[in-house]
Amino acid sequence: MTEYTFYYFPVRGRGEAIRMLWADVGASYEEINVAPSVEVWQQQWKHKMPFGQAPMVKHGDQELVQSNAILRYLGRKYDLYGDGPLEQYRMDMLTDHVEDIRSEYSRMIYHNYDNGKDEYIKSIPTKFAPVEKFLKSWGNEYIGKKISFADYNLCDLLDIHEVLSPGCLAQFPSLTAYHARVLARPHIQAYRKSEGFKTRPINFNGKQ
Ligand code: 0HH
């Protein structure tokens, strides 16, 4: 019997930070692929989601939706939500910025890849420069003094941008070191060696 059931598309997408958090804390979960085909998603699953979208997590008799709210729920549950109002504000603030970037990235990937990719890549430094500045000035190993839900989300975002534009982090030494530090955590490393991770595409349409 697993602790969580994860209803999502078979992609990294908005699920990967949640999977990383579970891997890091050693939680057990079962994945349910809600889209073995588009028809199955539309006919069997979409109407079961409170907002018509996935991911959804079942935990006991609770059905949890909205990826960032799920991350915060798990952050509170596993003491991965910083220490005190200022650290928590920083985690929330960067999570909002990650969300802004992720939404723009998804629009480009799903609706404007061929015409929009080059322009999007040009905008990456503007998106990441403030994050570099914040992480450097806060001087922690992670966003806070210890790892938090927000770190899995930011790390995943950096990761998918390195795939989109290899080397794009190199101009940001703090972000480069931070990205490597999160990925070097033993449970994260082991997770990334798993078949589940290695065979999972980043996006549903195969673009990356
Ligand atoms: N604010 C929500 C959250 O953070 C947004 C969730 C969301 O956008 O949880 N969910 C998307 C899938 S994430 C969704 O449910 C991206 C994976 C892309 C899969 C595209 C599949 C298309 C299949 C027809 N999208 C499906 C939908 O809205 O019907």
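**Note on a predicted single-chain model**

1. Methionine 93 is found in helix 4. Leaving aside residues up to four places away in sequence, methionine 93 touches Phe134 and Trp138. The C-alpha atom of methionine 93 is also separated by 9.4 Å from that of alanine 150. Along the chain, methionine 93 and alanine 150 are 57 residues apart.

2. Next, the two partners of methionine 93. Phenylalanine 134 and tryptophan 138 are 4 residues apart in helix 6 (residues 124-138), so about one helical turn separates them. Phenylalanine 134 has 33% relative accessibility and counts as partly exposed, because that value lies between the 20% and 50% limits. Tryptophan 138 has a relative accessible area of 15%; this is under 20%, so tryptophan 138 is buried.

3. Aromatic pairs deserve a point of their own. A search of the whole structure finds 12 of them. Take tyrosine 105 and tyrosine 120: their ring centres are 6.3 Å apart and their planes stand at 65 degrees, so the pair is edge-to-face. The cut-off for that label is over 60 degrees. This pair links distant parts of the chain, with tyrosine 105 in helix 4 (residues 84-111) and tyrosine 120 in helix 5 (residues 113-122). The two tyrosines are 15 residues apart. Tyrosine 105 is buried, at a relative accessible area of 2%. Tyrosine 120 counts as buried too, at 4% relative accessibility.

4. How is the aromatic pair of phenylalanine 134 and tryptophan 138 arranged? The pair is stacked. The distance is 5.2 Å centre to centre, with 25 degrees between the planes. Planes under 30 degrees apart count as stacked, so the angle of 25 degrees settles the label.

5. Tyr4, Phe6, Tyr8, Phe9, Trp22, Tyr29, Trp41 and Phe204 form it. One of its members, Phe204, is also touched by tyrosine 110.

6. That brings in tyrosine 110, which lies in helix 4. Which residues does tyrosine 110 touch, not counting those up to four places away in sequence? They are Asn203, Phe204 and Asn205. The C-alpha atoms of tyrosine 110 and asparagine 203 are separated by 8.5 Å, although the two residues are 93 apart along the chain. Tyrosine 110 is partly exposed, with a relative accessible area of 36%.

7. Most residues other than glycine have a negative phi, and most peptide bonds are trans. The peptide bond from alanine 54 to proline 55 is cis, with omega near 20 degrees. Proline 55 is found in the loop between helix 2 (38-45) and strand 3 (56-59).

8. The other two sites concern phi. Glutamine 66 is not a glycine, yet has a positive phi of about 75 degrees. Its place is in the loop between strand 4 (62-65) and helix 3 (67-77). Glutamine 66 counts as partly exposed, at 47% relative accessibility. Aspartate 79, also not a glycine, has a positive phi of about 55 degrees. Aspartate 79 lies in the loop between helix 3 and helix 4.

9. Now the overall fold. The chain has 10 helices and 4 strands. From the N terminus on, the order is β-α-β-α-β-β-α-α-α-α-α-α-α-α. Of the contacts with a separation of 6 or more, 71% are between residues 24 or more positions apart.

10. What radius of gyration does the chain have, and what would a compact globule have? The chain has 17 Å, and a compact globule of 208 residues would have a value near 17 Å, so the two agree. The C-alpha trace spans about 45 × 45 × 30 Å along its principal axes.

11. Last, burial, surface and charge. Buried residues make up 47% of the 208 residues. The chain exposes about 10,400 Å², and carbon and sulfur atoms supply 52% of that area. There are 26 positive and 26 negative charges. Their mean positions are 2 Å apart.

Conventions:
Residues are numbered from 1 along each chain as its sequence is written. This is a predicted model: local features need pLDDT of at least 70, side-chain atom pairs count only at pLDDT 80 or more; totals for chains, interfaces and linings use all residues. Side-chain values use heavy atoms; hydrogens and water are left out. The radius of gyration is taken over C-alpha atoms; the globule rule is 2.2 Å times the number of residues to the power 0.38. Buried means under 20% relative accessible area, exposed over 50%, partly exposed in between (1.4 Å probe, protein chains only). Contact means heavy atoms within 4.5 Å. Accessible areas come from the Shrake-Rupley method with a 1.4 Å probe; for residues, only the protein chains shown count as cover. Lys and Arg count as positive and Asp and Glu as negative; His and the chain ends are not counted. The place of a charge is taken as NZ of Lys, CZ of Arg, CG of Asp or CD of Glu. Rings of Phe, Tyr and Trp (its six-membered ring) pair if their centres lie within 6.5 Å; planes under 30 degrees apart count as stacked, over 60 as edge-to-face and the rest as tilted.
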